[in-house]
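Hello,

Here is the structure I said I would pass on. Please have a look at it first; my notes follow below.

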Amino acid sequence: MAALWRLSKEGNFPMRLLLLSVCVAEIAVGQVRYSIPEEMSTGSVVGNIVQDLGLDIKRLKSGRARIFTEDGSEYIGLNIEKGTLVVTKRIDREELCKQLSPCSLHFQLILENPMELQRIDVEITDVNDNSPFFSKKEYSFQVSESASSGSRYLLESAKDPDVAQNTIQTYKLNPTDHFKLNTVSRSDGTKNIEMVLHTLLDREKQDEHKLTLTALDGGNPQKSGSVKINVIVLDANDNAPVFSQSVYRVIVPENAPQGTAIVRVSATDNDKGENQEVTYSFSQHTNTVSSLFNIDHQTGEITLIAVLDYEKVKHYEIDVEATDNGGLTDACNVLIEVTDINDNPPVISIISLSNPIPEDSELNTVIAMINIKDLDSGKNGQVHCFINPELPFKIKSTTPNFYSLVSADVLDRETDPVYNITITAVDKGSPSFSANKTINLKISDVNDNAPVFPLPSFTAFVSENNSPGMSLLSVKASDKDDGNNARISYFLEDIQLNGMSALAYFSVNAESGEILAVRSFDYEQLKEFNIRIKAQDGGSPPLSSNVTVKILIQDQNDNPPQVLYPVQTGGSMVAEMVPRSADVGYLVTKVVAVDVDSGQNAWLSYKLQKATDRALFEVGLQNGEIRTIRQVTDKDAVKQRLTVIVEDNGQPSRSATVIVNVAVADSFPEVLSEFTDFPHDKEYNDNLTFYLVLALAVVSFLFITCLVVIISVKIYRWRQERVFYKSSGNLPVIPYYPPLYADAGGTGNLKQDFGYEVYGTTDSRRSDVKDLRPFGESTLSVDRSASRTMPRLKTESENLLTEQKPPNNDWRFTQGQRPGPSGPHMPYGTHIRWTPKNGTRATGGPEVAMGTGPWPQPPTEAEQLQALMAAANEVSEATATLGPGTMGLSTRYSPQFTLQHVPDYRQNVYIPGSTATLTSNPQQQQATAQQATQQALPPPQASAQAEPPKAAQTPASKKKSTKKEKK
């Protein structure tokens with residue numbers, strides 16, 4: 001390393017600027033050495049560790065690089081962003097290493113993933129930052145005037161904490177008239193100075209001499225320190241004390257107890273008397289050892305007064321002076337060597353620890369970095385480190401005092417989840433010391449164990465006809481792993497069962513492993529299922545295992561027996577023939593039945609339930625054989641009907657019946673004649689009886705329901721009629737304006753001579769009969785005095801058609817001759833019209849207008865019924881032909897309806913029994929109207945002399961009179 005000092009001055013204040021050039025001094029395997037001066041400012045760069053070790057910044061960050069020092073000092077730090085070593089605090093070489101040279105800082109750079117250890121040494125070079133100094137500002141000496149030339153006087157050496165060239169190099173004494181300086185180099189590199197008398201003293205001339213001693217170092221710039229020396233000249237003392245040895249060497253163990261005598265120094269003085277007495281003392285410049293050693297002033301014996309520590313100071317050098325009463329002195333040197341004793345146990349430090357570690361760690365995986373330090377030296381500082389050999393770990397030594405704990409065998413968390421590793425360090429001293437350090441190492445789980453079922457297979461039983469969702473079985477698996485690796489989920493493998501997916505039959509609860517039935521099972525279709533349940537843990541990747549579950553369906557008695565023979569057919573009859581000569585036990589036939597159930601549910605028994613002659617036949621209980629139990633006689637009927645019931649043995653039992661027809665005859669024609677109507681016998685037809693009873697009950701119910709509805713409707717209508725009767729006593733009369741008809745053909749003969757109109761309402765008990773007067777000049781005059789109100793006992797249309805009769809017998813209507821919907825079922829009135837033979841329409845006389853005139857030729861009852869039916873058909877056809885805007889059913893019965901709303905179907909009417917056609921020709925109508933008026937109206941005289949009109953005779957009164965006549 002090279003250091004450049006540059007001194008610059010500015011004004012009167014000197015400034016010192018230190019420029020450093022730091023370089024790598026040595027790069028060994030895993031070791032780097034740097035050299036820097038002391039007193040560098042904080043943050044100064046020591047070196048680029050990335051370049052020097054061949055690393056990169058990413059490696060420092062990923063490896064969590066850090067610095068480890070054994071003593072915990074933090075002088076040097078790591079800038080992980082730049083990869084440089086920097087000064088973290090002030091470094092004082094004198095404080096750090098005292099006089100030890102070279103002075104170095106030793107620390108390690110630790111990297112992880114993988115673990116690396118790099119040793120770094122930083123040498124601290126000295127800077128001349130300390131001036132030489134003396135412990136006292138002034139020294140006094142008494143020198144006898146008789147002192148001979150060459151007498152030596154030991155002076156206290158100056159102290160300079162710096163080392164090498166920066167420490168004290170020379171001394172200067174001023175003035176030098178009587179004394180001169182003599183410098184003696186010591187084995188430890190320090191220098192002793194002596195003041196030598198080279199010119200005899202003369203107290204009478206000068207009894208005191210004042211000298212200045214200056215100490216100079218070799219630094220640049222050079223520094224110095226001085227002290228004053230006062231020399232007092234005494235009276236003559238010719239002989240000075242003399243030590244027996246100039247150097248005394250002593251070896252002392254560091255465990256020497258206090259009060260131990262180290263050595264005794266001895267000096268003699270040839271003078272006599274008081275000048276012969278010698279006193280011993282430590283030299284003034286060795287007063288630092290006064291805290292450890294003590295010297296007897298009279299005897300010169302040096303004893304130990306404190307505890308020695310080899311690890312701190314390995315040797316001591318003491319200067320001892322012998323002084324007589326005359327002031328003459330002599331000096332000697334005592335060298336004390338401290339020997340090491342094994343008094344320090346090893347110290348174990350865990351630098352880095354990976355805890356926990358996965359159980360699938362490879363062999364030689366570094367778990368921990370360990371530093372073991374023993375402050376002793378030699379064998380006492382040599383340490384042997386080990387752990388329990390039964391553990392799957394071992395200790396490897398990487399560098400001196402550094403060890404690695406690595407895995408030596410396969411780890412299994414399920415066997416040993418935690419290891420207590422005790423690290424033992426033993427030194428080689430006598431007696432040896434040891435230290436222990438325990439690491440609680442946890443093994444983290446790896447998903448290396450698949451779930452395990454307690455059994456290789458499971459069996460579950462379920463009865464058929466079960467309800468869907470029924471729990472069948474719960475399977476449980478265990479996993480030796482931990483956490484999510486041990487959390488088990490259960491799945492049903494999607495395999496094919498009877499051509500369908502297993503998921504269509506079963507489901508599994510993923511958490512509990514409970515197997516549920518998705519549907520109801522039928523033992524007769526499938527008797528068992530073999531499914532596979534997979535248990536899968538929650539590891540990554542997941543592990544799984546399968547187990548087979550056998551589901552056995554248990555039979556229930558849910559099927560009745562089925563008869564195979566004899567075959568029951570609906571269209572034909574099968575009969576077994578038994579000859580009349582059959583003996584007792586004759587096998588007639590055998591009833592064969594099966595039951596698709598199993599076990600005792602399929603055990604069948606046969607019983608004779610019904611027979612024509614129970615004394616003739618019997619049925620085998622187990623085999624179903626029908627045999628005769630007596631001799632067949634001629635009295636036995638030919639037709640024998642046996643009803644055999646077949647029952648199974650289930651709980652509850654189910655049964656089936658079969659009818660066996662037996663013919664007791666010797667020939668087939670006899671049987672044929674007897675069994676001709678046998679199949680139609682209703683006595684044994686139980687099903688037909690059931691359906692007949694059911695049909696009768698349904699018909700009765702419908703009849704009663706209809707009857708109740710009809711009665712309710714009648715009561716409702718009766719109440720409505722009473723309401724209308726009370727509320728509407730006088731209905732308004734709606735005038736009717738008849739169309740003008742003319743004879744279209746001109747050659748027809750009209751047999752009817754009168755015309756009338758009857759208006760009947762369904763909303764009241766009263767109807768009105770209007771007399772229509774002849775009109776002239778297109779004007780219709782209505783005689784309101786001719787209106788009469790007659791009580792209604794029956795429906796108006798029925799009364800009119802029943803009581804009033806047409807003029808002649810030719811008044812009949814056929815289906816093709818009906819003129820249109822002008823029949824008796826008009827909603828608000830009944831209109832029946834007839835016209836004279838000349839084709840003109842005229843109104844009737846007063847009797848007709850008042851409703852009292854008789855029919856000219858009363859029709860028979862059959863004709864009245866025919867007219868009524870024709871009118872009903874006419875109304876239905878007219879109603880069906882009505883389109884939008886015409887009179888529908890809802891409109892007909894509307895209270896706002898009047899006769900003006902009815903379309904006129906009489907403008908072109910065919911009159912039954914005539915070839916004439918009525919039309920609405922205006923010209924003919926006008927001429928015909930005038931002629932009809934003249935013919936219809938009576939002479940004025942006749943009108944004046946006419947009798948007053950009689951009371952109107954209602955159809956009801958006419959009907960009553962007719963009944964009386966018949967009686």
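This is a predicted model: local features need pLDDT of at least 70, side-chain atom pairs count only at pLDDT 80 or more; totals for chains, interfaces and linings use all residues.

Tyrosine 139 has its bridge partner in S17: isoleucine 229.

Strand S17 covers residues 224–234 and runs parallel to S11, with seven bridges joining the two. Both strands sit in an open sheet of four. The order is S11-S17-S16-S13, and the pairing is mixed. Strand S11 (138–144) and strand S13 (168–174) are the edge strands. Each has a single partner strand, so one side of each has no neighbour in the sheet. On average, neighbouring strands here are turned by 25° against each other, direction ignored.

Now the cores. The largest nonpolar core has 30 residues. Phe506, Ile533, Val549 and Ile551 touch the most other members. Several strands supply at least two residues each:

- strand S35 (457–463) and strand S36 (471–474)
- strand S37 (488–492) and strand S40 (506–508)
- strand S41 (514–517), strand S42 (528–537) and strand S43 (544–554)

Neighbours within four places in sequence aside, valine 549 is in contact with Phe458, Leu473, Val475, Ile515, Phe529, Asn530, Ile531 and Ile533. Another core, of 29 residues, lies apart from the largest one. Its members include Val252, Val278, Leu292 and Phe293.

For the chain as a whole:

- The chain has twelve helices and 59 strands.
- Of its 967 residues, 41% count as buried.
- Among contacts with a separation of 6 or more, 69% are between residues 24 or more positions apart.
- The accessible surface is about 53,300 Å², and carbon and sulfur atoms hold 52% of that.

Last, confidence. The average pLDDT of the chain is 74, and 69% of the residues score at least 70. Which residues have a pLDDT below 50? One such stretch is residues 878–929, which has 103 contacts in the model beyond near neighbours in sequence. Residues 931–967 also stay under 50. For that stretch the model has 34 contacts beyond four places in sequence.

Best wishes

Methods:
Residues are numbered from 1 along each chain as its sequence is written. Side-chain values use heavy atoms; hydrogens and water are left out. Two strands pair if DSSP finds at least two bridges between them. Axes are lines fitted to C-alpha atoms, for helices over the stretch in contact, and angles run from 0 to 180 degrees between N-to-C directions. A nonpolar core is a set of buried Ala, Val, Leu, Ile, Met, Phe, Trp, Tyr and Cys residues joined through side-chain atoms within 4.5 Å. Buried means under 20% relative accessible area, exposed over 50%, partly exposed in between (1.4 Å probe, protein chains only). Contact means heavy atoms within 4.5 Å. Accessible areas come from the Shrake-Rupley method with a 1.4 Å probe; for residues, only the protein chains shown count as cover. pLDDT is the predictor's confidence in each residue, from 0 to 100.
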